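Student: Hi! Could you walk me through this structure while I have it open?
Tutor: Happy to, so let's bring it up.

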Amino acid sequence: MRHIIISPPTLKSISADTGRIYNIPFLKGKVVSINNGAVNSIVSIDIGGGNIITATISCAAVEELNLKVGSDAYAVIKATNVMVGIDE
């Protein structure tokens with residue numbers, strides 16, 4: 001299992017004029033897959049080093065962001081809880 005440590009250099013401030021994110025950690029990568037469902041899509045972003053972050057977002061968000069496989073995108077980290085995993 002790999003651990004990803006998000007350190008202060010990944011914290012960015014984006015003004016209200018250019019985005020809706022303020023002091024939230026994020027990681028830049030490339031979209032490697034999009035699996036569309038009826039309401040939500042599962043989007044996987046390769047952030048390098050063999051690490052892929054997967055997020056569930058609305059289909060409307062995929063369309064609004066014009067996400068496609070190969071697009072540059074950011075994994076924005078806004079954790080309200082932490083999940084625990086183990087090696088099998």
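This is a predicted model: local features need pLDDT of at least 70, side-chain atom pairs count only at pLDDT 80 or more; totals for chains, interfaces and linings use all residues.

Student: What is the mean pLDDT of the protein?
Tutor: The mean is 77, and 66% of the residues reach 70 or more; pLDDT is the predictor's confidence in each residue, from 0 to 100.

Student: Which elements have the lowest and the highest mean pLDDT?
Tutor: Strand E1 (residues 11-13) has the lowest, at 48, and helix H1 has the highest, at 93. Over residues 5-16 the pLDDT is below 50, and this stretch has 19 contacts in the model beyond near neighbours in sequence. Contact here means heavy atoms within 4.5 Å.

Student: How many helices and strands are there?
Tutor: There are one helix and five strands, and along the sequence they follow the pattern β-β-β-β-α-β. Helices (H or I, at least four residues) and strands (E, at least two) are DSSP runs, numbered from the N terminus.

Student: What share of the protein is buried?
Tutor: Buried residues make up 20% of the 88 residues. Buried means under 20% relative accessible area, exposed over 50%, and partly exposed in between (1.4 Å probe, protein chains only).

Student: Which residues form the largest nonpolar core?
Tutor: That core has ten residues: Leu27, Val31, Ile34, Val43, Ile45, Ile53, Val62, Leu67, Ala73 and Ala75. Strands E2 (22-36), E3 and E5 (72-76) are the elements that give two or more residues to this core, and E2 gives the most, with three. By nonpolar core I mean a set of buried Ala, Val, Leu, Ile, Met, Phe, Trp, Tyr and Cys residues joined through side-chain atoms within 4.5 Å.

Student: Which side chain has a polar contact with Ser41?
Tutor: The side chain of Asn36 does, at 2.6 Å. A polar contact is a pair of N or O atoms within 3.5 Å; within protein, one must be able to donate a hydrogen and the other to accept it, and residues adjacent in sequence count only if both atoms are side-chain atoms. The C-alpha atoms of Ser41 and Ser58, 17 residues apart along the chain, are separated by 5.7 Å.

Student: How many salt bridges does a search of the whole structure find?
Tutor: The search finds one, and in it the side chains of Lys30 and Asp72 meet at 2.8 Å, N to O. This pair links distant parts of the chain, with Lys30 in strand E2 and Asp72 in strand E5, 42 residues apart. A salt bridge is a side-chain nitrogen of Lys or Arg within 4 Å of a carboxyl oxygen of Asp or Glu.

Student: Why is Lys30 called partly exposed?
Tutor: Lys30 is called partly exposed because its relative accessible area is 42%.

Student: New topic: where is Val69, and what does Val69 contact?
Tutor: Val69 lies in the loop between H1 and E5 and is exposed, with a relative accessible area of 57%. Beyond four places in sequence, Val69 is in contact with Val31, Val32, Ser33 and Ile34.

Student: What about the phi of Asn66?
Tutor: Asn66 has a positive phi of about 55 degrees although it is not a glycine. Most residues other than glycine have a negative phi. Asn66 is found in the loop between helix H1 (59-64) and E5.

Student: Last one: where is Ile77?
Tutor: Ile77 is in the segment after E5, and the C-alpha atoms of Ile77 and Pro25, 52 residues apart along the chain, are separated by 5.4 Å.

Notes. Residues are numbered from 1 along each chain as its sequence is written. Side-chain values use heavy atoms; hydrogens and water are left out.
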